[in-house]
Amino acid sequence: MKFTLSWLKTHLDTTATVDEIAETLTDLGLEVEGVTDPAARLKSFTLAKVKTAEQHPDADRLRVCVVETDEGDKQIVCGAPNARAGITVVLAKPGDYVPGIDVTLSVGNIRGVESHGMMASERELELSDEHDGIIELPSGEVGQKFTDWLAMNDPAKVDPVIEIAITPNRPDALGVRGIARDLAARGLGTLKPLAIAPVPGAFPCPVSVTIDADTLDGCPHFAGRVIRGVKNGPSPKWLQQRLRAIGLRPISALVDITNFFTYDQNRPLHVFDVDKMQGGLRVHRAKGDETLMALDDREYTLSAGQMVISDDSEPESIAGIMGGAASGCGDDTVTVFVESAWWDPVTIAHTGRALKINSDARYRFERGVDPAFTLPGLEAATRMVLDLCGGEASEVVQAGAAPDHARAYRLDTDRVQSLVGMAIDPDTQRATLTALGFAMQGDMAHVPSWRPDMQGEADLVEEVARIASLTLLKGQPMARATAGVPKPILTPMQKREQMLRRTIAALGYNECVTYSFVDRASAALFDGGDDATMLENPISADLSHLRPALLPGLLQAARRNQARGITDMALFEVGAAFHGGEPGEQHMLATGLLIGRTGPKDVHGASRAVDIYDVKADAEAALAAIGAPAKVQILRGGNAWWHPGRHGTICLGPKKVLGVFGEVHPRILRAMDVKGPAMAFTLWPAEVPLPRNTGATRAPLILSDLQPVERDFAFVVDARVEALTLVNAAAGADKALISEVRVFDQFVGGSLGEGRKSLAITVRLQPKEATLTDKEIEAVSAKIIEKVTKATGGALRG
């Protein structure tokens, strides 16, 4: 929405500057997108007077002028045909920027003669396209600012243009008067009264108007009148200047008048040439396939149900959107029908979108114009047509009646202060609403017809706060519910989720945020995809089910990256997975995925393919960060999407699983078109026991001052026995005394025979109360041998 300062002042009596108005508009919620001030680019130019103008000694078309300036007489070479002694001109001095030619002047030498500036034309100052000669002013003093002269003699050329952004809920601000009303309510001036006197009809209207019964919901009110004997031609200079300033092209007086009221009062109108019509006008819904050549010289085919205005023979206008070319006004128009109607916003929006027409009328009608201004707008337009084009007006004809949108809401002044957080006097609140056009009857505020956005008491609060200015709010700390140190805001699970994200990211992984939905095939690979997790209305066929795990989304992300040439990846995600479709049937997971190599290839050979030990170390680091016990068991028994021999579950017991790590099954990678191998881990943060001590202090560090003892054992077992089984058996021999068990050697074949292998382990014993004696060490060793022999069926190697 654009308007000029002078246009605004026709409705607002104010002395405020452009900057004050722009700042206030933004504060009122009418955000200023730009201010174009023509005076800003002309501020350096001054007036001067040519004293003499002699022929250039070396050029036929140049004159050497002596110009009287505020800095004394200056010599200027000029090629304009009207350069002569005695005229008052606009002077650009060396150092001035000339916008029309995009040049910063300097002292020049033209054909051997120095020139100290230039005398400007209108095009060089971007005032018009006139460039046949320099500007000649009929008045003015030497040294006077050119902008000051324009402000007194031709103010339209230095009239600032303000452009504001209009939100959909403020159609009243699509008219200059609505903007002026807001500024007056803020106190930036006084709203001038708007007096519209009815124009008496000199004769009965020869054009009848009707609305079909099935169209009354889309057009409840249609009015108009005939004006005969008009003389259409160019509109007056002041009207053309206003329209040009906001980017509209003046066409003719009749058309310019309708455009003027569209922007001045937010009252779109249309003018029909009666001599090009046949009979009366009828508002009805199209049957379908009717065609209309519109004013934009495009032919539109109407669909059934769209509203149209027709005469007795054919459609003449797309109702509320654009008129037809057949009945458009031209220079030969002498009799017109001025139409003013109220159209349903939703119907106009549907038609405009379907036909892909963007017009000023549609923009306003689909947001809502003032239904009570239908007849006053017609009267005001009639008066302007008579003033500018002459003629005489008929009586007003109308069909239907203005819709009754009357409503009132209670203004609770105490509640307003409570919600806004500012002390606003009750009388000030009532005065604010009155200034905005509300009619106050006690505590009841009757909404003006031009504010369709007012739909409840909360809107009254917003209006009072908006005019009072929310910039006056002062921040105040909220009172604590309880005294003392406040309780933590985050829950333990939220803290774990936060810590997991930080820790895994610090390990070099990139976080992914994938959809909570996957396709049925991918969900089925991870024990999901059943009807319980199927979406009733999915946004896409590829997002039809709730995800049973985070791994499918990460594998899909890896596939997309591989398709784009990225082969080395470290991805992770922390989020919910779903084991059902009911509320609460979800669980929090943290999943990481490694594919490719540990880094780019280098001359040192440090780069290698990722393996399960990489994800095992990362999983253990993440668990340690959220407080998982250091002593855990590594067992088999992972889900079917893990490689059967290359994965492990991290447990506190057979039924207490904290996580799983390993290689993703090749079958899964083939199904999801991912190039493997792929290593991954998944953690269940909720399964990690909460600490018994919930205080902020850390647990004390317990160190033993007793010497640990290490003993090595080698067992001959079946080749199919897993090293993990042997390690777990040895560690369970004395959980209090044994602090660590690790494998340090494996031997297969040789003297052991086929199908046999030797596993060597180191067992570390850490006493806590007294140094171990040889007898105690032997007793523990015997238990270890017994446990391992029983668990693996092997024997101590001799």
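Which strand does Ser 340 lie in? Select Ser 340 and see: the residue sits in strand β24, residues 335–342. Keep in mind throughout that this is a predicted model.

**Stop 1: Ser 340**

Stay on Ser 340. Is this residue buried or exposed? Ser 340 counts as buried, because its relative accessibility is 0%. Now show its side chain. It reaches the backbone oxygen of Thr 374 at 2.8 Å. Next, display the residues around it. Leaving aside neighbours within four places in sequence, Ser 340 is in contact with Phe 222, Ala 223, Arg 267, Leu 269, Thr 374 and Leu 378.

**Stop 2: Cys 65 and Cys 78**

Select Cys 65 and Cys 78 together. How far is the sulfur of Cys 65 from the closest cysteine sulfur? The gap is 5.5 Å, and the partner is Cys 78. A search of the whole structure finds zero disulfides. Check burial too. Cys 65 is buried, with a relative accessible area of 0%. Cys 78 is buried as well, at 7%.

**Stop 3: helices α12 and α13**

Select residues 426–435 for α12, then 457–468 for α13. Their axes come within 10 Å and cross at roughly 95°. That angle makes α12 roughly perpendicular to α13. Which residues of the two helices meet? On the α12 side, show Gln 429, Thr 432 and Leu 433. On the α13 side, show Leu 460, Glu 463, Val 464 and Ile 467. Colour this contact by residue type: four are nonpolar, two polar and one charged.

**Stop 4: Asn 728**

Move on to helix α19, residues 723–731, and pick out Asn 728. Asn 728 touches both, not counting residues up to four places away in sequence. Draw a distance between the C-alpha atoms of Asn 728 and Ile 634: they are separated by 8.1 Å, although the residues are 94 apart along the chain. Finally, follow the side chain of Asn 728. It reaches the backbone oxygen of Ile 634 at 3.3 Å.

Definitions and conventions. Residues numbered from 1 in each chain as written. Predicted model: local features only at pLDDT ≥ 70, side-chain atom pairs only at ≥ 80, totals over all residues. Heavy atoms only, no water. Disulfide = S-S within 2.5 Å. Buried < 20%, exposed > 50% of the residue type's maximum accessible area, 1.4 Å probe, protein only. Axes fitted to C-alpha atoms, helices over the stretch in contact; angles between N-to-C directions. Helix = DSSP H or I, 4+ residues; strand = E, 2+ residues; numbered from the N terminus. Parallel < 35°, antiparallel > 145°, perpendicular 65-115°, else oblique. Contact = heavy atoms within 4.5 Å. Nonpolar A, V, L, I, M, F, W, Y, C, P; charged D, E, K, R; others polar. Polar contact = N/O pair within 3.5 Å; in protein donor to acceptor, adjacent residues only side chain to side chain.
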